[in-house]
Amino acid sequence: MKAAEEREFRDYVAARLPALRRSAYLLCGDRHAADDVVSVALGKLFRHWRRVSRLQQPDAYVRKMLVHAWFDERRRPWWRREHATAELPEPAPAVEPAGLIDTTVAERLHLLALLERLPAKRRAVLVLRFLDDLGIEETAEIVGCSPGTVKTHTARGLADLRALLRADQQAESAA
Amino acid sequence: MVEQQVRELFNRTVTDEALGVSTVDIDGVVRRERRATWQRRGAGAAMLAVVAMVAVLVGPSLLAGLTDRNELPSVPPAPTLPASWHDRAVLAGVALTEYFPGVVPAPPDESFRWDGRVRADAGTWNQNLAVWAAASRYQGPTGPEVNQCGGVPDCQSFPQADGTVAWLLRMEENGAVGYQVTLVRHDGTEVQVGVVYLGDLVNTPAPVDTLLRAVNDYRFAAMPLGAN
């Protein structure tokens, strides 16, 4: 890759990195895993940058790389994945900083837990449609399915979220 | 839950605070991909070099083979065997252990010289069975039609498709029955490997095909005996 092309690549990544990290975060449910998936996708992007940069909509291609990098990561056998351990690598602060656990954090954790319970493609469809604001056709192209399937995933994903939310609320009120 | 609510929920969830400082290392990604590119190119270059080398080595002989299709395959010219008796003794010992894995050749007996050959002997796991090998330079004819047995009884010829020759001879000597396989290798070395049945096995019928199976079992594969 020539120096000019590499500069172009770096500029593009700098501009798009926050959006890619946001999508990856909702897909992975963990910011470190999200950054790993983004790194993998950027590696692929660097490899194919000459071709991708000539596309009219490189964003769609890059999102496709990201989603498929996440699919690949989920398909990896369990012994090749990174695992959470009972002991933290660094000691936790002795006192929780005031205001860290607030309603926003609780809501976020709750949403991530709900998304975690959805099938991978359904989750990807919801993220692409409602976080990235992509249309049905574009989402279908990225996920690798038909527009009809995207519509089905969207409807069922929303229904799943509703049902899971209702079940959690009922469990809370019962407790 | 309507779509707009989901949008708002998603946007509230992916805040800068939730994402934290990025750990995506762009320089690292670029470095890693550059290294991988060079490795791929290196592997490709190595593969090309191997292909080119094989083409240089094999190409001429392949072309010669295409132009001389009607000629019979020939045995490469026999190199001169190691001149000294001791060198040939090593060759016989190697042949013996190659064809009969596990046997321990006895030191070659210098007094046992005949016909320019060096003979190596070894006992086997079976006291009624002895094996030996001899090495010399082959000076006879070669070719797929060559039958070294002629009219000799108890001899079976196994001309090889590649022009080399092999034959098996049954012998009776001093109350023992022996079978001797002679193989001419591509390097022009004539290697004789013999099995001698002693004692109770003397009267045991040992059809040729039985011995051939045994011989093949003992990895005569250096020059496998084909069907007659």
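Me: What is the mean pLDDT of chain A?

Reply: The mean is 82, and 83% of the residues of chain A reach 70 or more. pLDDT is the predictor's confidence in each residue, from 0 to 100. In chain A, confidence is lowest in helix α5 (residues 103–116), at a mean of 79, and highest in α6(A), at 93.

Me: And where is the pLDDT below 50?

Reply: Over residues 92–101 of chain A. Beyond near neighbours in sequence, that stretch has one contact in the model; two residues are in contact if their C-beta atoms, placed from the backbone, lie within 7 Å. Where pLDDT is low, the predicted coordinates should not be read in detail.

Me: OK. How many helices and strands in chain A?

Reply: Eight helices and zero strands. Helices (H or I, at least four residues) and strands (E, at least two) are DSSP runs, numbered from the N terminus. Of the contacts in chain A with a separation of 6 or more, 64% are between residues 24 or more positions apart.

Me: How much of chain A is buried?

Reply: Buried residues make up 30% of its 175 residues. A residue is buried if 20 or more other C-beta atoms lie within 10 Å of its own, exposed if 12 or fewer, and partly exposed in between, with C-beta atoms placed from the backbone.

Me: Now packing. How do α1 and α4 of chain A cross?

Reply: The axes of α1(A) (residues 3–28) and α4(A) (residues 58–75) come within 11 Å and cross at roughly 30°. Axes are lines fitted to C-alpha atoms, for helices over the stretch in contact, and angles run from 0 to 180 degrees between N-to-C directions. The two helices are therefore roughly parallel to each other. Angles under 35 degrees count as roughly parallel, over 145 as roughly antiparallel, 65 to 115 as roughly perpendicular and the rest as oblique.

Me: Which residues meet there?

Reply: From α1(A), A:R16, A:L20, A:S23, A:A24, A:L27 and A:C28; from α4(A), A:V62, A:R63, A:L66 and A:W70. By class the contact has seven nonpolar, one polar and two charged residues. Ala, Val, Leu, Ile, Met, Phe, Trp, Tyr, Cys and Pro count as nonpolar, Asp, Glu, Lys and Arg as charged, and the others, Gly among them, as polar.

Me: At what angle do α4(A) and α7(A) pack?

Reply: About 45°, with their axes 8 Å apart. That makes α4(A) oblique to α7(A). A:A60, A:R63, A:K64 and A:V67 of α4(A) meet A:E138, A:E141, A:I142 and A:V143 of α7(A). This contact has four nonpolar, no polar and four charged residues.

Me: And α7(A) against α8(A), what angle?

Reply: Roughly 100°, with the axes of α7(A) (residues 136–143) and α8(A) (residues 147–174) coming within 8 Å. That makes α7(A) roughly perpendicular to α8(A).

Me: A:S146 is in the loop between them. Buried or exposed?

Reply: A:S146 is exposed, with 12 other C-beta atoms within 10 Å. Its C-alpha atom and that of A:I136, ten residues apart along the chain, are separated by 9.1 Å.

Me: Switching to chain B. How many helices and strands?

Reply: Five helices and six strands. Along the sequence the pattern is α-α-α-α-β-β-β-β-β-β-α. Buried residues make up 22% of the 228 residues in chain B.

Methods
Residues numbered from 1 in each chain as written. Chains lettered and ligands numbered in written order. Predicted model: local features only at pLDDT ≥ 70, side-chain atom pairs only at ≥ 80, totals over all residues.
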